[in-house]
Amino acid sequence: MSARWTIVQGSPQHRIYRWVGWGSFVAAVLLIPLIVADVAVINIGSNSYKFTMSQLTLATSWAVAVLGVQVIVGYTGQLTLGNSFFAGVGAYLTAILVADYHWSYVSTLVVVLPITFLLGMAIGLPALRIRGLYLALVTISIAALLPSFAKLDTISIPFTGKTISELTNGSNGKDIKSISKIKSPDWIPWDGIAGFFQGIPVVGKFFGEGGLSARQEDTLYKYLIMLAIAVIAFWLVRNLLNSRVGRALQAIRDNETSAAVSGVDLALYKTLAFGVSAALAGVAGTMYAIDIGFVNSDDFGLFLAVNFVVGLVVGGVINMWGAVVGGLAIVLIPSMARSTQSVPLVKQSWLQGPVGPFVQGVLLILLTFVLPGGIVYGIRRLRARFVQVVPPELAAKGEMEEPPEDYIPLMEEPPPELSESVPD
Amino acid sequence: MPLLDVAEVSVQFGGIRALTDFSFTVDEGQICALIGPNGAGKTTFFNVVSRIYDPTSGAITFDGENLLDHAPHEISRLGLYRTFQNLALWPGMTVLQNVMVGGHSRSKQNFLTATLRIGTGREEKRLTEEAMAALEEVDLADHAHFQAAGLPYGTLKRIELARALIGEPRLLMLDEPASGLTHSEVDELAELLVKLRTRHNLTMLLVEHHMAMVMKMSEKIVVLNFGQKIAEGDPDTVRNDPKVIEAYLGSST
Ligand SMILES: Nc1ncnc2c1ncn2[C@@H]1O[C@H](COP(=O)(O)OP(=O)(O)OP(=O)(O)O)[C@@H](O)[C@H]1O
Ligand SMILES: [Mg+2]
């Protein structure tokens with residue numbers, strides 16, 4: 001394939017290439033909310049798909065949650081399914097501190113981060129002994145626990161003098177937004193910003209007409225807060241994964257024995273990775289509380305636990321963009337499946353009525369076959385047909401003879417288990 | 001004082017006695033070969049030194065330190081590095097990253113400093129340079145950015161060697177480095193190993209079935225058969241030892 005465009009790493013072209021890539025992403029993240037405002041409708045064939053701001057904000061939270069799963073499953077190779085538990089803990093902690101103790105939403109992270117981190121480490125302890133399917137089973141049991149745990153009225157929490165169900169408001173759910181509502185500060189000139197984009201020729205009409213309602217402004221402001229939290233979380237995790245620690249985690253994933261022989265303390269690194277993963281789930285929970293303003297324990301059960309993993313697999317297992325796409329996928333796939341009323345070649349009568357979950361199931365099955373390794377991986381493969389970025393050492397040789405082998409953890413044969421067989 | 005001192009080490013797996021009262025020493029700077037027919041217990045011994053297996057009895061001292069007091073991940077910090085008979089690389093990472101993990105014990109970033117990027121830049125740069133240098137030594141610098149998965153067997157063996165080298169080993173333990181290589185590759189490897197030994201002041205413990213290579217390279221040879229030491233000495237002594245000849249007659253080597 002000589003039609004490929006070769007870019008040398010670190011060259012001016014590479015810099016431009018990266019700037020264009022990142023620039024489009026930043027523009028999309030900042031402008032799409034202005035375009036969507038409340039609802040955007042896109043018609044494909046005779047289906048009309050609705051995209052709302054609340055989907056975008058929720059997807060931002062879940063992207064952070066999927067990132068947490070990615071750290072532990074994708075990078076460390078520990079098959080855990082319990083992260084919805086920590087998301088629930090994070091959401092409740094924020095809800096309780098905001099509603100009952102009048103903290104500001106974002107400041108609750110000071111409590112959420114350490115508590116979910118320590119809880120994650122504690123729950124990571126069994127992972128030092130068990131692995132694979134057994135670990136999946138133990139952790140998904142923990143995920144299943146949260147809804148009933150939040151309704152316990154026998155255990156009282158120190159310092160508060162209240163039982164768990166009093167703090168969480170039991171099965172009624174904890175309302176926060178009627179007590180503290182996120183309001184856009186006056187100094188943000190939303191109308192001016194909207195007016196500016198509306199004034200641009202040709203594309204201006206996508207930005208609607210006239211000023212924004214107070215509710216729209218509050219939503220946009222809330223989105224910005226959540227976006228800032230997400231960006232910081234992704235940046236910190238990126239630092240971690242591109243370091244000695246990130247490499248050690250991947251070494252644990254690919255071969256524990258040689259990781260240990262190279263000096264990686266398996267117990268320490270695994271437990272800390274569990275902590276990081278859980279803390280990210282906790283942050284996602286806080287973001288959820290900011291977003292929805294209401295926390296109901298039933299929303300943090302098994303379904304969410306599985307959804308996080310679905311997001312990871314659909315998005316991409318070992319690429320952080322996979323978490324971004326995964327967060328969007330969790331939110332968008334169900335709603336798009338529901339709105340799909342006609343598909344070419346499929347009898348119209350089959351798609352009548354509540355067939356959303358069915359369409360979604362078929363879609364997920366198709367995705368795993370068409371795009372093994374996730375959407376991001378598929379996009380990268382497609383891109384590699386047109387553009388290849390080569391390190392300077394290889395640039396002199398022109399095209400790489402063979403593109404490096406692809407590797408998708410979770411799809412490989414499972415690595416030999418340390419306890420059962422030792423490489424010889 | 002010998003660098004590695006093995007005293008009456010025994011290992012048992014259920015009914016199988018993989019090693020029985022195995023004793024020998026390796027001096028600093030020596031190239032010592034550990035040979036024996038298949039199933040003799042050579043790899044088992046490596047795994048005991050790596051602390052993957054616990055011996056049922058015996059003691060191993062490395063530079064005065066009791067090895068059996070240490071956890072597996074602490075062994076490399078003492079300067080003990082090894083390669084694996086059946087390859088134990090990390091296919092999901094690039095060749096460069098694989099080698100950089102070999103420098104784990106000689107670097108410091110932890111979860112907190114890495115996340116907050118405190119002092120990470122300098123260490124990353126040093127590790128990258130050292131890993132490139134190690135790859136250069138095994139003639140794989142141009143493979144640095146390839147994913148390890150799917151590379152040819154001989155290449156992977158050299159990556160393992162580079163991964164051990166970056167740790168600046170005092171004792172380098174090689175488990176059948178020549179297996180699966182062609183004749184000319186074996187000669188190159190032997191030459192490379194001798195060169196590396198002088199350049200890095202290495203002590204080597206070599207497990208190998210390729211007798212020509214063993215006889216040419218080693219200063220001392222220890223022979224195992226069914227978990228027991230049957231001979232020990234310089235290449236000429238061992239080559240002519242009737243017990244060794246007998247042990248090898250049955251096998252095809
Ligand atoms: N984890 C284990 N469980 C049970 N038996 C084992 C284990 N590891 C090794 N053995 C047995 O111990 C004996 C010695 O094996 P080892 O792998 O050390 O031989 P080796 O000298 O390295 O042979 P080769 O030249 O074939 O690599 C063999 O009988 C082997 O089956
Ligand atoms: Mg062996």
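1. Basis. This is a predicted model, in which local features need pLDDT of at least 70 and side-chain atom pairs count only at pLDDT 80 or more, while totals for chains, interfaces and linings use all residues. Residues are numbered from 1 along each chain as its sequence is written, chains are lettered from A and ligands numbered from 1 in the order in which they are written, and side-chain values use heavy atoms, with hydrogens and water left out.

2. Domains of chain B. Chain B is assigned domain 1 (1-79 + 169-253) and domain 2 (88-166); such bounds come from an automatic or database domain assignment. The C-alpha centres of the two domains are 26 Å apart. Domain 1 of chain B brings 19 residues to the contact, and domain 2 of chain B brings nine. Contact here means heavy atoms within 4.5 Å.

3. Area between the domains. Domain 1 and domain 2 of chain B bury about 970 Å² between them. Carbon and sulfur atoms account for 64% of that area. Buried area is the accessible area (1.4 Å probe) that two parts lose on being put together, summed over both. On the side of domain 1, B:Pro169, B:Leu192 and B:Leu196 supply 32% of the area buried against domain 2, more than any other three residues.

4. Polar links between the domains. One salt bridge is counted between domain 1 and domain 2 of chain B. A salt bridge needs a side-chain nitrogen of Lys or Arg within 4 Å of a carboxyl oxygen of Asp or Glu. Five residue pairs are in polar contact across this boundary (both at pLDDT 80 or more). A polar contact is a pair of N or O atoms within 3.5 Å; within protein, one must be able to donate a hydrogen and the other to accept it, and residues adjacent in sequence count only if both atoms are side-chain atoms.

5. Elements at the domain boundary. On the side of domain 1 of chain B that touches domain 2, β7 (171-175) and α6 (183-200) of chain B are the elements that give two or more residues. α6(B) gives the most, with six residues. Helices (H or I, at least four residues) and strands (E, at least two) are DSSP runs, numbered from the N terminus.

6. Ligand 1. Ligand 1 is surrounded by 13 residues, the closest being B:Gly39, B:Lys42, B:Thr43, B:Thr44 and B:His209. Near means a heavy atom within 4 Å. Backbone N or O atoms approach oxygen atoms of the ligand at B:Ala40 (3.2 Å) and at B:Gly41 (2.9 Å). The side chain of B:Lys42 has an N or O atom 2.8 Å from an oxygen atom of ligand 1.

7. Chain B against chain A. The contact takes 45 residues from chain B and 42 from chain A. About 3,700 Å² is buried, 64% of it from carbon and sulfur atoms. B:Trp90, B:His104 and B:Phe111 lose the most area in chain B, together 21% of what that side buries. There are 13 residue pairs in polar contact between the chains (both at pLDDT 80 or more).

8. Salt bridges. Between chain B and chain A the count is one. A:Arg247 pairs with B:Glu124, closest N and O atoms 2.9 Å apart. Within chain A, A:Asp298 and A:Lys151 form another, also with 2.9 Å between the closest N and O atoms. These two residues are 147 residues apart and link distant parts of the chain.
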